[in-house]
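This report describes selected side-chain contacts and one surface patch. Please view the structure below before reading on.

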Amino acid sequence: MENGGAGILQIRQVLLFFVLLGMSQAVSETGSFLVMEELQSGSFVGNLAKSLGLQVSELSSRGAQVVSNDNKECLQLDTNTGDLLLSEMLDREELCGSNEPCVLYFQVLMKNPTEFLQIELQVRDINDHSPIFLEKEMLLEIPENSPLGTVFLLESAKDLDVGINAVKSYTINPNSHFHIKIRVNPDNRKYPELVLDKALDYEECPELSFILTALDGGSPPRSGTALVRVVVVDINDNFPEFEQAFYEVKIPENSTLGSLVVTVLAWDLDSGTNSELSYTFSHASEDIRKTFEINQKSGDITLTAPLDFETIESYSIIIQATDGGGLFGKSTVRIQVMDVNDNAPEITVSSITSPIPESTPETVVMVFRIRDRDSGDNGKIVCSVPEDLPFVLKSSVNNYYTLETERPLDRESRAEYNITITVTDLGTPRLKTEYNITVLVSDVNDNAPAFTQTSYTLFVRENNSPALHIGSVSATDRDSGTNAQVTYSLLPPQDPHLPLASLVSINTDNGHLFALRSLDYETLQAFEFRVGAADRGSPALSSEALVRVLVLDANDNSPFVLYPLQNGSAPCTELVPRAAEPGYLVTKVVAVDGDSGQNAWLSYQLLKATEPGLFGVWAHNGEVRTARLLSERDATKHRLVVLVKDNGEPPRSATTTLHVFLVDGFSQPYLPLPEAAPAQAQAQADSLTIYLVVALASVSSLFLLSVLLFVAVRLCRRSRAASVGRCSVPEGPFPGHLVDVSGTGTLSQSYQYEVCVTGGSGTNEFKFLKPIIPNFLLHSTRREVEENPPFQNNLVF
């Protein structure tokens with residue numbers, strides 16, 4: 001029966017699934033067919049094409065196929081004829097159980113184009129099952145003094161068929177004492193009842209037997225039988241009586257199973273079987289029957305299940321003593337359960353608030369209730385939390401408690417608390433219950449972003465490419481979430497003249513700094529600005545840091561020769577007496593480099609000479625000196641090419657040309673350049689005397705000018721501010737690259753150089769000095785340069 005019920009439930013689920021599938025699919029038509037159960041495989045069910053109004057050829061061309069969701073292929077389709085055939089024998093009882101009608105649902109899949117057609121197959125029942133009595137023999141014990149018309153219920157027969165094939169009627173063998181009455185229940189099932197028609201006489205007939213037959217409504221009908229035995233019981237006119245009408249017992253709730261609770265005793269004045277007593281529970285509840293058991297012969301009541309005072313404090317049991325004649329007497333047993341401390345305290349949580357905001361005191365974290373199912377001291381309880389935590393318990397009515405913060409919390413110090421609530425009763429032994437709760441502390445924007453450094457120093461090499469990443473600043477926020485999301489920004493510069501917006505930019509998300517344009521060391525060597533970091537809290541908090549950017553020099557300026565000037569109208573010539581000793585200072589090449597550091601360290605070398613070995617150039621100061629004694633065989637005119645090279649990587653260089661004349665003392669007349677015209681040579685020969693006089697005057701003037709320059713150099717060292725007006729500087733128009741500010745020249749506007757003549761070792765020497773004026777004096781310096789006489793007029797005879 002149980003297997004049949006499970007099968008019926010499964011069939012219902014399959015049918016429901018088919019119904020839902022049919023509703024969800026695009027079903028255009030439905031075909032219904034009827035088939036009797038137990039037909040052989042291959043039996044004809046119906047023509048699908050006619051039922052659905054389709055052409056037989058359409059079934060084949062569209063690839064029609066019968067499918068079902070439970071993968072049972074009960075039907076098969078002949079696409080050539082359109083006939084539906086059974087692929088297996090159908091058992092209606094297996095498919096639908098007692099449900100009527102029994103309808104199976106199938107799908108016809110049309111593949112091209114895709115279409116689902118639903119088929120309903122109704123399985124009709126046949127009378128293939130006979131009624132069956134589960135008990136083949138029924139025993140009825142009926143007292144002989146039972147009144148006429150007494151009804152006795154008999155067991156009904158089961159029939160798996162339904163409808164007219166189900167059980168229809170019951171019959172018994174004809175007899176004078178009983179007849180059968182059929183009762184129909186609300187579920188339309190028929191149950192037989194035995195009705196007493198004639199009084200029974202134990203002495204005349206102590207037992208009756210007859211056959212109970214169940215017939216179904218099939219054609220032909222099927223039947224099932226069972227034997228009914230009626231035992232006539234002798235009259236018993238004495239009722240059993242208990243020793244006590246009321247028993248009262250106390251038992252602890254922790255009593256062991258199988259222990260004796262109480263023994264009840266009764267007796268009967270009858271004799272024989274009528275005096276044999278049997279003890280049973282009368283009208284006992286399910287709890288009593290599970291907890292206690294009575295010995296039918298001795299009347300001992302024993303414990304069969306654990307007692308629980310908190311669930312049931314007492315039991316009232318009616319004990320019935322029945323004699324062999326069916327008469328009985330009753331007594332009541334009251335069992336009082338005694339409480340023991342066997343229940344630990346209980347915690348019932350009403351609400352938990354987590355996370356809780358920091359910096360907020362007396363915040364309710366948890367509301368809960370405690371109780372103990374025991375009674376007396378066993379039910380008295382105390383509640384506590386660890387003292388080292390910033391939380392406190394506050395009691396309320398009806399054993400309700402609240403867990404609150406004792407003081408403001410700091411999430412940055414501790415973001416999570418594991419709290420153990422301990423509840424202990426006062427029983428013996430004491431029992432306790434612990435409840436663990438994890439409380440998270442939510443963030444409040446109470447921490448400003450903090451930079452990893454109060455100031456940052458960044459280095460960037462000049463001539464950098466635009467948008468170059470030059471460094472980063474970083475700030476952290478001890479808060480969390482949006483309160484810890486930091487954005488960066490450039491603060492307005494303290495120097496209003498600093499074009500910060502065109503120099504650098506910052507990535508607001510990660511603090512990366514970028515140079516917006518190419519930097520020039522000669523124009524801007526360093527600048528500083530402030531960077532701000534703000535979080536996204538409400539209200540937002542911020543902090544700032546100082547960033548200093550140092551521009552590193554690159555070797556982007558070639559040496560520039562100040563002396564001799566290369567753009568003069570006439571070449572600069574140097575006179576050397578033939579009596580000069582080795583090491584005689586002929587002149588000094590003065591050059592500057594707009595770079596700094598080793599990029600501005602200059603070295604000099606003689607690149608080309610008319611007569612190699614006659615002159616030499618000191619590598620460090622550019623002095624041109626004689627290398628040996630001069631002789632009469634040495635040529636009068638010499639052309640020297642001096643190379644000036646810096647120490648950068650790669651190095652840059654410049655060249656200058658010197659014209660040297662050898663004279664027999666400074667009275668020798670000035671010799672013309674080889675490029676002069678022959679006519680001019682004749683004119684100069686005529687005015688030789690005039691030139692000699694001019695030469696002598698020039699030498700005197702040069703000596704006087706040297707003395708003045710020496711004095712001016714001394715004064716420049718004492719006061720740099722006064723040195724601009726007293727030191728002689730090269731005059732004339734400077735080359736364009738000398739004042740170039742775009743990074744392509746060799747000397748920027750920020751520098752002005754001085755060339756002073758000083759004396760030493762009895763010879764005239766040139767000394768190059770460092771820049772002496774800042775950028776803001778550039779224009780005034782230029783005016784002073786323009787007012788000075790031409791530099792070459794002071795040196796050329």
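V707 is partly exposed because its relative accessibility is 38%, where partly exposed lies between buried (under 20% relative accessible area) and exposed (over 50%), with a 1.4 Å probe and protein chains only. V707 lies in helix 8, which spans residues 688-718; helices (H or I, at least four residues) and strands (E, at least two) are DSSP runs, numbered from the N terminus. Together with F703, V711 and L715, V707 makes a nonpolar surface patch of about 350 Å². Such patches consist of residues with over 30% relative accessible area and no salt bridge, with nonpolar side chains (Val, Leu, Ile, Met, Phe, Trp, Tyr) joined within 5 Å and like charges within 9 Å. The accessible areas come from the Shrake-Rupley method with a 1.4 Å probe, and for residues only the protein chains shown count as cover.

The model is predicted: local features need pLDDT of at least 70 and side-chain atom pairs count only at pLDDT 80 or more, while totals for chains, interfaces and linings use all residues. Residues are numbered from 1 along each chain as its sequence is written, and side-chain values use heavy atoms, with hydrogens and water left out.

The next topic is the salt bridge, defined as a side-chain nitrogen of Lys or Arg within 4 Å of a carboxyl oxygen of Asp or Glu. By this rule there are 17 salt bridges, including those in the table.

| Salt bridge | N to O distance |
|---|---|
| R411 and D443 | 3.0 Å |
| R530 and E544 | 3.1 Å |
| D664 and R578 | 3.6 Å |

In the salt bridge of R411 with D443, the partners are 32 residues apart and link distant parts of the chain: R411 is in the loop between strand 29 (400-405) and strand 30 (416-425), and D443 is in the loop between strand 31 (432-442) and strand 32 (450-451). R411 counts as buried because its relative accessible area is 13%. D443 is likewise buried, at 15% relative accessibility.

R530 and E544 also form a salt bridge. This pair joins strand 39 (residues 526-535), which holds R530, to strand 40 (residues 542-552), which holds E544, 14 residues apart. E544 is partly exposed, since its relative accessibility is 46%.

Finally, D664 and R578 meet in a salt bridge. They are 86 residues apart, with D664 in the loop between strand 49 (653-663) and helix 7 (678-686), and R578 in the loop between strand 42 (573-577) and strand 43 (585-588).
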